[in-house]
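Student: I am new to this structure and would like to go through it step by step. Could you show it to me?

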Amino acid sequence: MTLLYIVLATTAGGVLSVVIAASLTVALLGRLVQHLVSLSVGVLLGTALLHVLPEAFESQVSPNRLFITLLSGLLFFFLLEKAELYRHGHHHEGDGHEHHHHFDAEQAGRGGWSVLVGDSIHNFCDGIIIAAAFLADTQLGLVTAAAIIAHEIPQEVGDYIVLLNAGFSRGKALLYNALSGLSSVVGGVLGYFIVGPWEALFPYLLVAASSSFVYVAVADLLPQLQRRLPWRSTLAQLAWIGAGLALVVLARSLLHGH
């Protein structure tokens, strides 16, 4: 049953992103991504700091070892991104970022393939994280999967917009996104069989998952929101971040209430 949960959870992010991308116009997607990025910040930080890390620190593992794991995880994901193997694409033409014209066409040309490879590796890591969370506790797995899906949707939609701006057909852009999303299922299944027998490693894996969430939120998403905006837009960002945090708190209370 746990394996079924893992497969469903790892499939959901890719499927939802493809469905959303296929059903909405590019202009509407561009506006939607900006709000979803803010929502993702709240969901990722809330899940890491209010749910996953507390669960890991309730174990018998030394807090010092877990903090070392957290620091190592942050540095690991930093190095992966430096190598362009852990990319988080939320760009699109006309999004307000200071990119030169046709920036996304260049990104989706030769560099676009590295973005797709990076997203596949990112999704594979997410699959392992989801598997570890479900193996530790089903409720924790549900919250962790929800956090990853919340981030996966704007990431994949952003990549879809970049590919469209570069001249890819809607069909090809959707296909590449779907294939990239399937790598999370591979990571989840492998994680189930490889991580499962090593129960003592679960606290470390949960901390590693938290380091991924914190890194993505702080190093990638928050800088995208750090632009001079009218006060109403800034309040909207804060509202979406608050909504993400509220969703995590609500999910935690509902799951622990059963």
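Tutor: We will take questions in turn, from the whole chain to single residues. This is a predicted model, in which local features need pLDDT of at least 70, side-chain atom pairs count only at pLDDT 80 or more, and totals for chains, interfaces and linings use all residues. Residues are numbered from 1 along each chain as its sequence is written, and side-chain values use heavy atoms, with hydrogens and water left out.

Student: How many helices and strands does the chain have?
Tutor: Helices (H or I, at least four residues) and strands (E, at least two) are DSSP runs, numbered from the N terminus. Along the sequence the pattern reads α-α-α-α-α-α-α-α-α. The count is nine helices and zero strands.

Student: What is the mean pLDDT of the chain, and which element has the lowest?
Tutor: pLDDT is the predictor's confidence in each residue, from 0 to 100. The chain has a mean of 80, and 84% of its residues reach 70 or more. Over residues 89–101 the pLDDT is below 50. Among the elements, helix H3 (residues 63–82) has the highest mean, 91, and the lowest, 47, belongs to helix H4 (residues 103–107).

Student: What share of the residues in the chain is buried?
Tutor: Buried means under 20% relative accessible area, exposed over 50%, and partly exposed in between (1.4 Å probe, protein chains only). The chain has 258 residues, and the buried share is 47%.

Student: Is Val 157 buried or exposed?
Tutor: Val 157 lies in helix H6 (residues 138–165). Contact means heavy atoms within 4.5 Å; not counting residues up to four places away in sequence, Val 157 touches Ser 17, Ile 20, Leu 29 and Val 33. Its relative accessible area is 1%, so Val 157 is buried.

Student: How far apart are the C-alpha atoms of Val 157 and Val 19?
Tutor: Along the chain, Val 157 and Val 19 are 138 residues apart.

Student: Which residues is Thr 69 in contact with, leaving aside its neighbours within four places in sequence?
Tutor: Thr 69 has its place in helix H3. With a relative accessible area of 18%, Thr 69 is buried. Its contacts are Tyr 204, Val 207 and Ala 208.

Student: Why does Leu 222 count as partly exposed?
Tutor: Leu 222 is in helix H8 (residues 202–225). Leaving aside neighbours within four places in sequence, Leu 222 is in contact with Val 41 and Ala 217. Leu 222 counts as partly exposed because its relative accessibility is 28%.

Student: How far apart are the end C-alpha atoms of helix H7?
Tutor: The expected span of a helix is 1.5 Å times one less than its number of residues. Helix H7 (residues 170–195) has 26 residues, so it should span 38 Å. The model agrees with this, since the end C-alpha atoms are 37 Å apart.

Student: Is Leu 8 buried or exposed?
Tutor: Leu 8 is found in helix H1 (residues 2–23). Its relative accessible area is 52%, so Leu 8 is exposed.

Student: What is the accessible surface of the chain?
Tutor: Accessible areas come from the Shrake-Rupley method with a 1.4 Å probe; for residues, only the protein chains shown count as cover. Carbon and sulfur atoms hold 69% of the surface. The total comes to about 12,400 Å².
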